[in-house]
Each structure stands twice: as C-alpha cells, then as structure tokens.
Amino acid sequence: METKLARIAEMAKADPKLRFTSIGHLIDAEALMESHKEMKLGKATGVDGSTKETYETNVEANVAHLVDRLKRKSYRPQPARRVYIPKDEKSMRPLGIPAYEDKLVQHALKRVLEAIYEQDFLDFSYGFRPNRSMHSALKHLNRVIEHGKTSYVVDADISGFFNHVDHEWLMKFLELRIGDPNIHRLVRRMLKAGIQEEGHFEPTEEGTPQGSVVSPLLANVYLHYVLDLWFTVTVKKQCVGQAEMVRFADDFVCCFQYKEDAERFYTALVLRLEKFGLSIAEEKTKIIAFGRFAEEESRRKGEGKPKTFDFLGFTHYCAKSRRGTFRVKRKTSGKKFRQKVKAMKSWVRWNRHMKQEEFLGVIRAKLSGHYRYYGITDNAQKMKSYYMQTLDLIYKWLNRRSQRRSFTRERFYEVLKEFKLPKPRIYVNIYD
C-alpha cells in the first residue's frame, strides 16, 4: 500500500494538472486492515455501538463483507452520532462520531487523497497535515512578522466553517484532481450520511462533520481553492507591498506592508467567501497596526504599544528583546486560559473522590499536556499562573472530600513532593 501511495504522490507532484481516474480500487482489504490496525482503543462509538475490540472478533470476515459492498457500490455510510464538547465559555461544539467501519473507509480514503493533495497544498497551510503542527504555524508567522515588512495584520475568523462547507463546490474542487466516479460517489455519500442525535435523524445538506477522519482533509481541499490559491495568485499580485498568510484549518492571519492593501483584502475577502457559501465573523475579524514599523509609529505618536491579536490560543503582542530590538512575543490568550482553568476545576471537583495516587496521576498527565502545547518561548508567566491555580484547585477540593479538612498546607505540599507534579517548562523554542 505504501508503495502504491508513494507512486501516486510522485505522479501528482510531477503533473499538477493530472486527474486520477482509477484510484478507488486502492480502498481494498489490505488498506482497510491497515486502517483497522491504526485505530486506537477506547474511542467513542458511532450509532452502531461497534468498537475496535468488537470488530476484531471477526475482522477478516467483516472486512471482506465491507470490501464486497464497496465493489458492488452498495456501501452506504451510517449517520454520525452527534455529541458535544465545550467550544468556549458560552457554547458547545458539535461533533459527529462515525460508525466503526465508516471510520475504516474514511481512513483509507484519507490516505489516498492525502497522497495527491499533499503535493498541491501550499507551504503556509498547516492544519491537519503530516509532519506539521500548530507550533510550526506559529514559527512561520513569527518569521513573517519579525523578518518581513509587516505593518498591518488582518486577524480573520470564518463563521461556522465546518458547518457551512458547500457540498457542490467541494465536489467541483475534487473533480479538478479526481476523475474516478467511485471516489466521487463515496465522498458524496459520506457528506450526505446525516447526523443522528437521541434517535432523531437530521440530514446534512451542507458542511463536513467535525469528528470525521476525512473531514479535515476535505476542509483543507475546500480552503485550498477558496482561499490559499486566491490569496497567492490574485491578492498578492494586486498588493503594492508585501503580503503573506499563515493558515491552520479555518483559522488564518494575513500580514500586509500597507494599510490600503489590508483594507482592500478585507473587502475582497467578504465577497470571496460569500461566493462559496461562507462568511466572516465580523465581531472576531479586525485590521490592526502590528509589527516593528507599527510599534515605531505608535511610539512616535505617543500612543503606546500596538494592539494585540489572538492566533491558535496565543495572544501575540509587540515587544523588545533583551538587546532592545523588536520582537513578537506571545502568551496564552485570556480566553483559552480561563477555559483551561475552568476545565481543570470541573475535573478536580467531580473526581476528587478517586484514590490519591490515581487522582494525582491524572493531574500530572493533564499538566504535562498543557505544558507541551503552551510551553512556548515567552509564555513562562502564564504557564506558572496555570500551575499555581491548579494547585489551589486541588487543595480546595481535596479538603472538601469530607466535613473535616483533609490537608493542612504543609501536609499538602509534602504530598505534592512525593508525587512530583511537573512544574512549568518551555518545550518549544519559537526560533528553532
């Protein structure tokens, strides 16, 4: 399978206009068995209630039956089961959990499409791509602002992107590279499979459900044509000065040398998105003066530091290095910080009756996960604040396990020393 995918990638890279007319056969028993092996244990189940463990009991027969339905074109994905996770302090994000064998087909399809589109996607696109991460996007943006001619930033937000992807436009985009009707049929059926919530079926006439294995790739294909190519081919050429973009899924920042270019782009962006069934969240989209030239101008006028903007959970702000030169610094955004503290508080409150060793073991894992993402250059103070607030929460709620106080401060810190909760540290150097 790897050899076949490598050959497809080679062909796609050699000829950007090549249409692949026969690739559906690659979603075969071998590919589906590989997908099954890569599935993780203990994941949420779809409407069928099937898990990797239950599917494993008769896996060869199950896969053979699935392949037979794919060949006979009778395979139809089941509706995704809707669940909700916290999005921010006031709202929940809906996820669609596919049935287990639908996950296998999506995973195999993703591998085939990825081999082709990874040759097409542009360098400033980072979301849900192999060997790329949020930290990679942050480093790219840092280089653009510190070493380029950025004086203005357009901090844009697409309103409900995953819920409003237009199916017909997406199919048209796919047809530019994919000529295999079997793939077209499969993708269309996935898009139209619908959502089931508490026994009620809801059709999906637009959007790609978050939670689907293949959804992020399809979203990247959509934005590649709607946004990335348009910015590169049209916007940049019409700008008087330098213009750059960094995108992670539907979250993107555009940097401009001149205010007039930024304003023209903003106006054009609204019309561009409308054409493809999307819109910007005006309350979250803004043009601000930002960068070393903006800081110099702001200081000259006595206006203080330029405004800040948020990207990928970090607030970016203009600052100085120890040598007095311009630098972009970042810290955990206030919104994300409050969310993380609230989530920790909720978990501690409802799990404080666990055995002490198990309880602190989970806390240790949660702190480590937080540090690995937010432990980035210049964010030490916010990291320390999160650590200290976590300690206060643990002390408060463990002392409420009974009517008598379980801990004095001294005893509490002795326990922490014994269990060695990780302290904040910087994992990511933005300048690597």
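Biologist: Which residue of β10 is the bridge partner of F311?
Modeller: The bridge partner of F311 in β10 is F314. This is a predicted model, in which local features need pLDDT of at least 70 and side-chain atom pairs count only at pLDDT 80 or more, while totals for chains, interfaces and linings use all residues. Residues are numbered from 1 along each chain as its sequence is written, and side-chain values use heavy atoms, with hydrogens and water left out. Strands are DSSP runs of E with at least two residues and helices are runs of H or I with at least four, numbered from the N terminus.

Biologist: How many bridges join β9 to β10?
Modeller: Three bridges join β9 (residues 309-311) to β10, and the two run antiparallel; strands pair if DSSP finds at least two bridges between them. Their hairpin has two residues between the strands, and L312 there takes a positive phi near 55°.

Biologist: And what stands opposite Y317?
Modeller: Opposite Y317 is K329 in β11. Seven bridges join β10 to β11 (residues 326-332), again with an antiparallel course, and in the five-residue turn of that hairpin G324 has a positive phi of about 90°.

Biologist: What's the strand order of the sheet?
Modeller: The sheet is open, with three strands in the order β9-β10-β11 and antiparallel pairing. Because β9 and β11 stand at the edges with a single partner strand each, one side of each is left without a neighbour in the sheet.

Biologist: Why is β10 largely enclosed?
Modeller: Five of the seven residues of β10 (residues 314-320) are buried, so the rest of the structure largely encloses this strand. Buried means under 20% relative accessible area, exposed means over 50%, and partly exposed lies in between, using a 1.4 Å probe and protein chains only.

Biologist: Switching to α12, which residues are buried there?
Modeller: In α12 (residues 334-351), the buried residues are F337, Q339, V341, M344, W347 and V348. Their cover includes β11, α13 (356-374) and α14 (380-398), where contact means heavy atoms within 4.5 Å.

Biologist: Where is N131, and is it buried or exposed?
Modeller: N131 lies in the loop between α5 (100-117) and α6 (134-147), and N131 is exposed, with a relative accessible area of 83%. Its phi is near 60°, a positive value in a residue other than glycine. Most residues other than glycine have a negative phi.

Biologist: What about A249, buried or exposed?
Modeller: A249 counts as buried, at 8% relative accessibility. This residue is in the loop between β6 (243-248) and β7 (251-256), and A249 has a positive phi near 55°.

Methods:
The expected span of a helix is 1.5 Å times one less than its number of residues.
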